[in-house]
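This report describes one protein–RNA model from its coordinates. Please read it alongside the sequence and the structure.

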Amino acid sequence: MRVRIAPSPTGAMHLGLARTALYNWLFARHHNGKFILRIDDTDLKRNIKEALEPILRGLRWLGIDWDEGPEVGGPHAPYFQSQRAEQYQAAVRELLERGFAYRDYATPEEIKAEKEAALAEKRSLRYSRRWMAETSEQRARFESEGRKPVVRLKMPQEGKLVICDLVRGHVEFNWALEQDHVVQRADGSCLYHLANVVDDYDFGITHVIRGEEHLSNTPRQVFIAQSLGWPLPEYAQMPFVAEPGTKNKLSKRKAKRYLKNPDFAQLVEHGNRIADTLRLETDPDTFNPVVLDFYEKVGFLPEAILNYLVLLGWSLDDRTEHFTREELVRVFLLDRVNRAPASFDPRKLMAFQVRHMLAKPVEERVDMVLPYLHKAGLIPEQPDDGTRTAVARILGAAGDRVKVAGDILDYADFFTADTELEYAEKAFRRRMGKQGAVELLRRLRDRLADDGEPFEVAGLERLMRGFIEAEGVKVGDIIHGLRVAVTGKQVGFGMFDCLAILGRERCLVRIDRALEKAAAMQTDAGENDERR
RNA sequence: GGCCCCAUCGUCUAGCGGUAAGGACAUCACUCUUUCAAGGUGAAGACACGGGUUCGACUCCCGUUGGGGCCA
């Protein structure tokens with residue numbers, strides 16, 4: 001079995017393409033077949049390499065490898081349509097010779113007039129073939145008028161086509177309703193549908209697994225193949241991936257509009273927060289959740305994307321949702337593909353991400369996260385063991401708060417110098433402004449300074465218990481101020497984890513600084529009072 | 001406009017003539033709690049509509065409505 005995807009190098013890897021690639025790849029791997037990557041670059045003028053790169057990278061990132069295609073070659077090379085013009089021309093000649101296509105000398109104006117007439121009469125458009133030339137005399141006559149020919153398919157005038165689609169079952173088309181589609185332009189270049197059929201035949205494609213939007217294009221492709229005496233591939237037209245909240249096809253160009261969807265907007269915002277700290281480009285045209293790049297940059301796991309994507313139109317049963325790549329290869333079958341389009345749900349995607357993330361051993365998560373800390377200038381490229389340990393402890397304590405690798409930047413304050421820690425002003429004022437809060441913190445500081453216990457979670461917990469008992473206060477009275485003093489923020493993971501990760505020295509420095517700042521704050525307030 | 005496709009909780013889906021219509025994400029409540037999460041417990045939530053077929057339809061057939069795709 002041989003399957004393929006034939007993406008056009010558009011400069012970005014669209015989620016829908018990623019899913020089609022995934023289905024094709026799973027099908028090939030499950031059945032021990034070949035997955036072929038062919039590039040539809042006929043309309044592309046320049047920079048194919050640059051425009052193709054994101055697609056190749058995206059596939060590799062997802063772990064979708066191709067057996068034949070760009071960069072890996074194969075027996076049917078080249079795998080670029082732009083380099084196969086001759087095969088297409090030959091097919092057109094053959095079609096012409098067999099009488100399944102004809103030269104058409106109508107001018108664009110004449111065609112347009114026919115279309116308008118059809119529209120006015122509210123009937124389906126059908127070309128009259130008035131300028132069809134099948135004999136050399138006819139051709140000579142039209143050419144003497146200075147006309148240039150295109151080549152059109154001579155579609156059957158009657159009968160039905162029944163396609164047995166692997167996803168949709170029987171689908172019927174009326175031949176008489178099909179157009180005499182152009183397969184070759186006046187300049188000699190060939191059109192997409194013809195090229196596709198030729199390539200699929202030449203490459204020995206047995207199963208065409210593609211988006212449902214191609215369903216209505218199938219008759220003309222069948223016609224071409226049959227006219228040339230070629231065997232037909234099996235067709236499996238998948239439902240497309242729809243926008244969040246609607247059933248419209250998900251489109252890269254509409255990414256800005258999707259921002260109106262709160263879930264989509266939230267995901268974008270999440271990405272932007274990370275990208276901003278790293279000073280990455282966040283133009284919605286290139287950096288948004290419709291494009292695979294987004295996920296890679298922000299630190300998603302490819303297996304999470306894969307897992308989410310595969311479920312957008314396919315299911316194994318009524319309860320299994322979590323799959324690894326290997327499991328998918330084992331269980332994926334085309335006959336469990338759904339027929340209705342599925343909307344992209346950013347929240348559910350995130351849920352999968354979290355699940356896969358937490359399933360990873362801490363060491364692997366450390367490796368994912370380190371580059372982000374480095375890119376943010378917080379740690380050297382080759383961090384020492386101490387840093388690794390600290391990161392591992394942060395990840396352990398943070399749990400699912402680090403949903404994507406880039407989220408580690410939320411804990412940047414562990415890596416900034418103690419003397420440069422920035423305080424969230426509002427939180428600071430709120431917590432330290434409380435009656436007696438500063439004094440309480442000062443006393444806790446002294447306990448932390450000379451307590452003999454090891455500076456670890458359990459010991460710190462014991463210390464705190466003793467402290468609040470002795471002071472006759474509640475945990476809540478001290479811990480919020482302590483958190484702001486030590487981390488600069490009012491939210492975060494376990495307080496004792498924070499303290500332990502930083503270590504006694506750093507904690508004391510930070511508390512002292514906070515106490516100073518609080519003192520300054522009080523003086524200011526005092527001066528203000530006097531002025532009033 | 002023509003043709004084609006699609007239709008189960010808000011979303012992804014299970015169901016393949018007899019079910020209390022199941023699961024997941026999201027939502028809500030309670031609980032746990034040093035904050036934010038997470039966790040635990042529970043709740044709410046769907047067969048688009050109308051006709052058939054059948055002892056019996058979410059399930060099969062037809063139509064309507066709605067959504068979408070392709071071609072123009």
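The sections below cover confidence, the RNA surface, aromatic pairs, selected helices and backbone geometry.

**Basis and confidence**

The model is predicted, so local features are given only at pLDDT of at least 70 and side-chain atom pairs only at pLDDT 80 or more, while totals for chains, interfaces and linings use all residues. Residues are numbered from 1 along each chain as its sequence is written, chains are lettered from A and ligands numbered from 1 in the order of writing, and side-chain values use heavy atoms, without hydrogens and water.

The pLDDT is the predictor's confidence in each residue, from 0 to 100. Chain A has an average pLDDT of 93, and 98% of the residues score at least 70. The ipTM is 0.95 and the pTM is 0.94. Where pLDDT is low, predicted coordinates should not be read in detail.

**Surface near RNA strand B**

A residue counts as near a strand if one of its heavy atoms lies within 4 Å of it. There are 51 residues around RNA strand B, and Lys115, Lys247, Glu321, Arg401 and Gly492 come nearest. By class, this surface has 17 nonpolar, 13 polar and 21 charged residues. In that grouping Ala, Val, Leu, Ile, Met, Phe, Trp, Tyr, Cys and Pro are nonpolar, Asp, Glu, Lys and Arg are charged, and the others, Gly among them, are polar.

| Residue | Protein atom | Atom of RNA strand B | Distance |
|---|---|---|---|
| Glycine 313 | polar backbone atom | phosphate oxygen | 2.9 Å |
| Arginine 336 | side-chain N or O | phosphate oxygen | 3.2 Å |
| Arginine 401 | side-chain N or O | base nitrogen | 2.3 Å |

Two or more residues of this surface come from each of strand 7 (169–174), strand 12 (342–343), helix 13 (346–359), helix 19 (475–487) and helix 20 (495–502). Helices (H or I, at least four residues) and strands (E, at least two) are DSSP runs, numbered from the N terminus.

Burial is judged by relative accessible area: buried means under 20%, exposed over 50%, and partly exposed in between (1.4 Å probe, protein chains only). Helix 20 is largely enclosed by the rest of the structure, because 7 of its 8 residues are buried. The buried residues are Met495, Phe496, Cys498, Leu499, Ala500, Ile501 and Leu502. Just after helix 20, glycine 503 has a positive phi of about 90 degrees.

Valine 484 is in helix 19 and counts as buried because its relative accessibility is 0%. With residues up to four places away in sequence left out, valine 484 touches Tyr423, Ala427, Phe428, Arg431, Lys489 and Gln490; contact means heavy atoms within 4.5 Å.

Arginine 445 belongs to helix 17 (residues 437–450) and is buried at 18% relative accessibility. The side chains of arginine 445 and aspartate 512 are joined by a polar contact of 2.5 Å. Beyond neighbours within four places in sequence, arginine 445 is in contact with Leu508, Ile511 and Asp512.

**Aromatic pairs**

Rings of Phe, Tyr and Trp (its six-membered ring) pair if their centres lie within 6.5 Å; planes under 30 degrees apart are stacked, over 60 edge-to-face, and the rest tilted. The count is 17 aromatic pairs. Among them, tyrosine 258 and phenylalanine 264 are edge-to-face, at 5.4 Å centre to centre with 80 degrees between the planes; both residues are buried. Phenylalanine 294 and tyrosine 295 also form an edge-to-face pair, at 5.2 Å and 80 degrees, and both are buried. Tyr23, Trp314, Phe323 and Phe332 form one aromatic cluster.

**Backbone geometry**

The peptide bond from alanine 77 to proline 78 is cis, with omega near 0 degrees. Proline 78 lies in the loop between helix 2 (48–62) and helix 3 (85–98). Glutamate 71 is found in the loop between helix 2 and helix 3; its phi is near 70 degrees, a positive value in a residue other than glycine. Glutamate 71 is exposed, with a relative accessible area of 60%.

Asparagine 32, which is not a glycine, has a positive phi of about 60 degrees. Asparagine 32 sits in the loop between helix 1 (15–30) and strand 2 (34–37) and is exposed at 74% relative accessible area.

Note on methods:
A polar contact is a pair of N or O atoms within 3.5 Å; within protein, one must be able to donate a hydrogen and the other to accept it, and residues adjacent in sequence count only if both atoms are side-chain atoms.
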